[in-house]
Amino acid sequence: MSNLLVTSVTKSYGAKKLFEDVNVNFTAGKRYGLTGPNGAGKSTFMKILAGDIEPDTGGSVSRPSKTSVLRQDQFGYEDQRVLDVVMQGSPKLWAAMTEKEALLKLPEVSDEEGSRLGELEMIIGEEDGYVAESDAGALLSGLGIPTTAHEGLMRELPGGLKLRVLLAQALFGKPEVLLLDEPTNNLDLDSIRWLEGFLCEYEGVLITISHDRHFLNAICTHIADIDYNAIILYTGGYDDMVEAKSQIRSRIEAENADRSKKIAQLQDFVARFGAGTRASQVQSRKKQIEKLQVTQLKRSNIERPFIQIPVKKPSGKQTLTMDGVTKSWPGVSICSSFGTLITKGEKVAIIGGNGVGKTTLCRMLVGEIAPDAGKIEWGKDVSIGYIAQDHSDAIAKNTTIDNWLHSHDTSAYLQDIRGLLGKMLFKGEEGQKSTAVLSGGETVRMMFARIMLLQPNVLVLDEPTNHLDLESIVALGEALAKYDGTVFVVTHDRNLIASFANHLFVFEPSGLCDFRGGYEDYLAQKEAAPPAKKKSR
């Protein structure tokens, strides 16, 4: 296995410098999480590592030939067999297999072509080609793609599963370097756990970007953190990096405080005796001042939003009643005769695989669609704050951030609007930014600012962590834990679930399960129970 070597890499866009003179040796057998806030340059650095874009003049990246990259062009293989798409993750093997197939289709094979077939057989053997299909199938199954789909065409798969095929393609063929940008997107919890196990056995250089803190803690031996216009390596997972970073900064700040105090004492001595008879002592003090330089601390680009959601008016104790609720789409049974009672202050995480109906359940809760049968009844004085998974149409494109927020409560004072935007990291004139040019993360932060303004007593949040960086996700978890109202959240983020949830709606193969307890409690019960008895309690 070979290393990946980064030498003197700098990248700027206009006046904004992302990182400068980066020198890092990513070594085989180690797994690196690439972290930093939105806009820090994580994806740009990953593209430089992959060779998709070039660094500024003078920098270079030395990578092995067997470098595999998670691509996002899920519609680029529509007429190809799913297994074939995965096997293309090993270009050398795929080229040999394709050429061999073409030669075998010839009506007659010349001596030269026969010799070439022998060479191709050798390449295929060296690249484990005779178990390629079974290896590709194992990857697909681990990532939750049913075996019935393996022989089918890519165009027959929904978009989320197509992305899983591309992840299997990146993992295929024992690459020496593996570059994964957000590999857990579109994965359910079971598939994420499978991926963690697979990556922990991987022997090459792994570099991954993820907003899933649990995932980074589970797989990473090191963190490469983009901050202070540099990339700094830390040993351990994400939480280890946060602790080490805080300790380093605190130590330097303490040392600076001690030095500043000492410098002030020496300067006072020089000021009092500079014109007197103690000239030699004064000169000695001046030299000491010169040596006591305070370490200049660059400003970190990491910022955490301050999410705090007060409740304007509490709801009644019996917040939500669901009785005999049934809903299905063609080919998908979302729930059948489902019933539950949710009381004020309960925190419900909604979990399950892709395509099972989590978004449909949220839309039923907020009244966008009706159940096929049964009743969904909200209690007294309920007010709902809702963030949909697809919120592209939720914000008008012909206004500014502050005007959009103010339109939801025209009685609010301008300073209150600006204060909320400041808490969500829209500083100063950023409040006048056009809503038409917002990034995904800015859009989600705006929608949380609206919730903070309206102060509802029930939250229904469908994949709220999409587009948020790790700092924002941590802030959201803390806010949900402190929130006095009732919560329903769809998420695959296990750290987020652990931070707030005391109740689960779980989409199981047997149907929608109402589990009263946290995620770890649910896993413990699931693992302890015989397969036929994995029921809700």
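In strand β17, L504 is the bridge partner of A349. The strand facing β17 here is β12 (residues 347-351); β17 covers residues 503-508, the two run parallel, and four bridges join them. Strands count as paired if DSSP finds at least two bridges between them. Helices (H or I, at least four residues) and strands (E, at least two) are DSSP runs, numbered from the N terminus.

This is a predicted model: local features need pLDDT of at least 70, side-chain atom pairs count only at pLDDT 80 or more, and totals for chains, interfaces and linings use all residues. Residues are numbered from 1 along each chain as its sequence is written, and side-chain values use heavy atoms, with hydrogens and water left out.

**The sheet with β12 and β17**

Six strands make up an open sheet with mixed pairing, in the order β14-β15-β16-β12-β17-β18. The edges are β14 (384-387) and β18 (511-515); each has a single partner strand, so one side of each lacks a neighbour in the sheet. On average, neighbouring strands are turned by 15° against each other, direction ignored.

Helix α14 lies across β14 and β15 (458-462), and runs at about 180° to β14. Axes are lines fitted to C-alpha atoms, for helices over the stretch in contact, and angles run from 0 to 180 degrees between N-to-C directions. Contact means heavy atoms within 4.5 Å.

Helix α14 spans residues 440-454, 15 residues in all. From first C-alpha to last it reaches 22 Å, close to the 21 Å expected at 1.5 Å a residue. The expected span is 1.5 Å times one less than the number of residues. Of the 15 residues of α14, 13 are buried, so the helix is largely enclosed by the rest of the structure. Buried means under 20% relative accessible area, exposed over 50%, and partly exposed in between (1.4 Å probe, protein chains only). Q455 follows α14 and has a positive phi, near 55°.

**The sheet with β5 and β6**

Another open sheet has six strands in the order β5-β6-β7-β3-β8-β9, also with mixed pairing. Here β5 (67-69) and β9 (230-235) stand at the edges with a single partner strand each, so one side of each has no neighbour in the sheet. Neighbouring strands are turned by 20° against each other on average, direction ignored. β5 pairs with β6 (residues 177-181) in the parallel sense over three bridges. T67 has V177 of β6 as its bridge partner. Helix α6 packs on this sheet and touches β5 and β6; its direction makes about 160° with that of β6.

**Helix α7 and its partners**

Helix α7 (residues 189-200) packs with α5, and its axis also comes within 13 Å of that of α6.

| Helix pair | Axes | Angle |
|---|---|---|
| α5 (residues 132-142) and α7 | 9 Å apart | about 135° |
| α6 (residues 159-171) and α7 | within 13 Å | roughly 10° |

The pair α5 and α7 is therefore oblique, while α6 and α7 are roughly parallel. Angles under 35 degrees count as roughly parallel, over 145 as roughly antiparallel, 65 to 115 as roughly perpendicular and the rest as oblique.

From α5, A138, L139 and G142 meet S191, W194 and F198 of α7. These residues divide into four nonpolar, two polar and no charged. The α6 contact is made by R164, L167 and L171 with S191, W194, L195, F198 and L199 of α7. Its residues divide into six nonpolar, one polar and one charged. Ala, Val, Leu, Ile, Met, Phe, Trp, Tyr, Cys and Pro count as nonpolar, Asp, Glu, Lys and Arg as charged, and the others, Gly among them, as polar.
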